[in-house]
Amino acid sequence: MPESVNSTNNEAMALVKKGLATSDEAVFAMEHNSGKGRRGKSWQSEKGENIILTIMAEMQWLPVQQQFQVSVAVAVGCVAFFSKYTKESIKIKWPNDIFINDRKAGGVLIENVIHGSLWQWAIIGVGININQSAFDPEIRNAVSLKQVTGKNYDAIKLSAELHKIILSKINELEKGNFTKLFEQYNEKLFCREKTVKLKKGNIVFETKIIGVSQSGELITKDAIERRFGFDEVEWVLSREL
């Protein structure tokens with residue numbers, strides 16, 4: 001366990017490329033200085049306060065066309081983890097964030113190693129706010145487990161627990177239980193059955209969130225049913241989400 005890294009995903013990817021990775025093992029750090037999120041965004045974390053975890057998983061058993069299934073398993077695992085510590089509302093905000101009471105408590109970034117048509121490795125990065133109480137003012141909607149429960153936690157112990165839970169969900173997936181995991185994902189989908197504002201290019205429009213498809217498309221409905229791929233639309237709500 002390194003004290004500080006630029007990114008646990010980068011560390012894990014380096015191990016894979018050097019042939020030193022072991023499937024299901026994880027890289028955990030007390031601090032990172034170049035944490036990564038989707039769309040090139042960074043993720044900041046106070047030293048020792050949060051979960052900074054990347055799991056390396058061999059994926060030859062799943063076709064690369066079905067890679068969203070791993071995102072489903074990981075997100076459901078994160079919900080199960082939070083559910084052990086709070087009864088507050090826990091939701092999955094498509095495509096990769098975990099929300100508690102409409103505020104961001106964590107996020108997932110999965111990077112892949114693919115050779116030809118063979119999906120060799122999934123590099124599963126998970127960042128969870130545990131004890132941090134102060135966030136960058138530009139991050140208006142962040143929240144930590146401590147802020148929700150009023151308790152302090154051992155971030156290392158909770159990282160090991162989250163690691164175990166996520167592996168159990170991936171094991172369920174490998175055993176062919178995707179349908180169950182997929183149903184749980186949609187049950188916990190943020191703003192499901194609610195009308196929201198989305199932005200595509202320069203166009204902002206209102207639409208109702210219906211669910212997410214098995215391939216990972218966001219399904220909405222207004223005058224017509226619409227489907228959007230990752231990064232095709234942005235959320236535009238009353239506060240920054």
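Reader: How many aromatic pairs does a search of the whole structure find?

Author: The search turns up 10 aromatic pairs. To pair, rings of Phe, Tyr and Trp (its six-membered ring) need centres within 6.5 Å; planes under 30 degrees apart are called stacked, over 60 edge-to-face, and the rest tilted. Bear in mind that this is a predicted model, where local features need pLDDT of at least 70 and side-chain atom pairs count only at pLDDT 80 or more, while totals for chains, interfaces and linings use all residues. Residues are numbered from 1 along each chain as its sequence is written, and side-chain values use heavy atoms, with hydrogens and water left out.

Reader: Which residues do ring pairs link into a cluster?

Author: Those are Phe68, Trp94, Tyr185 and Phe230.

Reader: What makes you say that the charged end of Arg226 sits over the ring of Phe205?

Author: A charge sits over a ring if NZ of Lys or CZ of Arg is within 6 Å of the ring centre and within 35 degrees of the ring normal. The charged end of Arg226 is 5.2 Å from the centre of the Phe205 ring, so it passes the distance limit of 6 Å.

Reader: Why is Val64 called buried?

Author: Buried means under 20% relative accessible area, exposed means over 50%, and partly exposed is in between (1.4 Å probe, protein chains only). Val64 has 14%, so it counts as buried.

Reader: What does Val64 touch, not counting residues up to four places away in sequence?

Author: Val64 touches Ile114, Ser117 and Trp119, where contact means heavy atoms within 4.5 Å.

Reader: Why does Glu193 count as partly exposed?

Author: Its relative accessibility is 44%, which lies between the 20% and 50% limits, so Glu193 is partly exposed. Asp231 gets the label too, because its value is 36%.

Reader: Which residues touch the most other members of the largest nonpolar core?

Author: Of its 59 residues, they are Cys78, Phe81, Phe82, Ile124, Ile128, Leu162 and Tyr185. The largest share of this core, 11 residues, comes from helix H2 (residues 68–83). Helices (H or I, at least four residues) and strands (E, at least two) are DSSP runs, numbered from the N terminus.

Reader: What makes a set of residues a nonpolar core?

Author: Its members are buried Ala, Val, Leu, Ile, Met, Phe, Trp, Tyr and Cys residues joined through side-chain atoms within 4.5 Å. There's also a second, separate core of nine residues, including Met13, Val27, Met56 and Trp121.
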